[in-house]
Every structure is written in C-alpha cells, then in structure tokens.
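I opened the notebook to look up a few packing details and charged pairs.

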Amino acid sequence: MNDRISDQYAFFQLAKALKAGNVERSDKWRDVLACMATGDLSIGSRTPVAGMPVWAMPEVERGGFATGAFAAGGELREHERALAQEMGISFRDIPRIRSALNAWHLSDDGLAHLGELALSGRFDAETPEETALLCVALLRETAPLGADIILDEITPYFDRLRFFPIVTAAPWYDGVHVRTVGQLRDALRRAKPSRNVLQQNATLTI
C-alpha cells in the first residue's frame with residue numbers, strides 16, 4: 001500500500017468516526033495521521049512504530065493501521081492501579097508507576113507471586129507481553145539463561161509496557177476446549193472469506 005492510499009484510507013476512517021460521533025475512534029485515527037505525518041509510523045513495516053522492538057504488539061485500527069500506542073501500554077489498567085495502591089507506589093506519572101510495578105515482580109515476593117499464579121492458573125493475559133515476567137519466574141531455576149535473555153530484551157521498556165498478567169478468581173483453563181491439528185485444519189478449510197474483506201481488497205486494487 002503506497003503512502004497516498006494510506007493517507008486517504010486513514011482520512012476516510014477519521015471522517016466516518018467523526019460523522020458517527022465516535023470520539024474514541026476519532027482520537028485514534030487522529031493519532032494514526034499525526035504519527036504518519038511526523039514519521040513515527042511506517043505503514044507496512046514489521047516495526048511500524050519508531051523506537052519500539054518488533055515483538056511489541058501495536059494497537060491496531062481497522063485496515064491494519066498502528067495508532068502509535070501499544071496493546072500492553074497506554075493508560076493504567078484497573079489491576080495496575082490496584083496493585084500500585086497495594087504496593088504503596090506513590091508516583092503520579094504512568095511511566096514511573098508502570099516501571100515500578102514491573103520491577104516489583106522481579107523481587108522475591110513478586111517472583112513468588114508469579115510462581116503461585118503459574119501453578120494455580122489464576123491469571124489472564126490479553127497480550128503476549130503480559131506473560132513475559134511469568135516466563136522469567138518459571139525459567140529462573142531450570143533455565144536461568146533463558147530468563148536472562150527475556151529480561152535483557154524487555155527491561156528497557158519497563159516504563160512503557162505491562163509485562164505481568166491479570167490475577168483472576170478462577171484458573172484460566174476453565175472452559176477451554178482442545179482440538180487436534182487435524183480438526184483445526186478441517187475447520188480452516190471449511191472457512192469462507194469475508195465478503196466485506198473481499199470487497200475492500202477489490203476497491204484498494206482498483
């Protein structure tokens with residue numbers, strides 16, 4: 001997709017959001033256009049947001065456009081605020097709070113907490129990043145080199161991204177159904193493409 005088509009598509013989505021009165025969606029498309037204008041976003045790149053690693057999952061709007069924000073970043077979530085209050089963290093700015101929360105999970109108490117979550121299954125993660133410190137806790141005894149590799153990669157982003165999971169009341173595997181590779185293959189073969197996606201691709205091609 002060339003830059004001109006990218007601009008037009010983003011402007012079109014912003015116009016739709018404004019017409020619908022969707023303030024949240026409008027703000028996100030403004031962020032997309034602003035980051036494209038400053039060069040902070042590179043549409044079509046494996047690392048669309050400048051200064052962030054390839055493994056960091058960007059927040060994506062319709063059409064595959066990164067907004068410049070990240071799925072594991074942004075405003076503090078409810079469980080982050082609750083943990084900060086429990087830990088007595090008094091910082092006011094989000095980067096320092098998030099950095100302190102990530103760092104706490106590397107303390108003896110934090111690692112013990114992560115180990116208990118892993119054994120009980122009482123956790124949830126909306127992004128892969130939110131399982132990183134859980135993996136560190138599991139690897140530190142049996143594969144410390146692996147734990148160190150993960151830490152070397154994620155530590156520089158402690159102030160921007162959330163690397164710990166959400167604590168849940170019930171184990172994550174409640175209600176999960178496992179299918180074989182063959183069953184999944186057959187299901188994918190039966191799946192039909194979305195008519196809306198086909199129409200969008202045809203329009204972009206024209």
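**Entry 1: a neighbouring pair.** I began with this: is arginine 140 buried, partly exposed or exposed? Arginine 140 is partly exposed, its relative accessible area being 38%. Here buried means under 20% relative accessible area, exposed means over 50%, and partly exposed lies in between (1.4 Å probe, protein chains only).

Before going on, I noted that this is a predicted model, in which local features need pLDDT of at least 70 and side-chain atom pairs count only at pLDDT 80 or more, while totals for chains, interfaces and linings use all residues. Residues are numbered from 1 along each chain as its sequence is written, and side-chain values use heavy atoms, with hydrogens and water left out.

Arginine 140 has a salt bridge with glutamate 141, and their closest N and O atoms are 3.6 Å apart. I use salt bridge for a side-chain nitrogen of Lys or Arg within 4 Å of a carboxyl oxygen of Asp or Glu. Glutamate 141 is exposed, at 62% relative accessible area.

Entry 2: How many salt bridges does the structure hold? I found seven. One of them joins glutamate 130 to arginine 162 through their side chains, at 2.7 Å from N to O. Glutamate 130 sits in the loop between strand E3 (123-124) and helix H6 (132-142), and arginine 162 in the loop between helix H7 (144-154) and strand E4 (166-167), so the pair ties together parts that are 32 residues apart in sequence. Helices (H or I, at least four residues) and strands (E, at least two) are DSSP runs, numbered from the N terminus.

Glutamate 130 is buried, with 0% relative accessibility, and arginine 162 is buried too, with 1%.

I also looked up arginine 160, which has a salt bridge with aspartate 159, the closest N and O atoms being 3.3 Å apart. Arginine 160 is partly exposed at 37%, and aspartate 159 is partly exposed at 30%. Salt bridges with shared partners link Glu80, Arg98, Glu130 and Arg162 into one network.

**Entry 3: H3 against H4.** How do H3 and H4 pack? Helix H3 (residues 78-87) and helix H4 (residues 94-104) meet at an angle of about 75 degrees, with axes 10 Å apart. Axes are lines fitted to C-alpha atoms, for helices over the stretch in contact, and angles run from 0 to 180 degrees between N-to-C directions. H3 and H4 are therefore roughly perpendicular (65 to 115 degrees).

From H3, Glu80, Leu83, Ala84 and Met87 meet Ile97, Arg98, Leu101 and Trp104 of H4. I take contact as heavy atoms within 4.5 Å.

Histidine 79 is also in H3, and is buried at 19% relative accessible area. Beyond its neighbours within four places in sequence, histidine 79 contacts Arg162, Phe164, Pro165 and Ile166.

**Entry 4: the cores.** Which residues have the most contacts inside the largest nonpolar core? They are Met52, Leu133, Ile154, Leu161 and Phe163, in a core of 20 residues. A nonpolar core is a set of buried Ala, Val, Leu, Ile, Met, Phe, Trp, Tyr and Cys residues joined through side-chain atoms within 4.5 Å. Helix H5 (108-120), H6 and H7 each give at least two residues to this core, and H6 gives the largest share, five residues. A second, separate core has six residues, including Leu76, Leu83, Ile97 and Leu101.

Definitions and conventions:
Angles under 35 degrees count as roughly parallel, over 145 as roughly antiparallel, 65 to 115 as roughly perpendicular and the rest as oblique.
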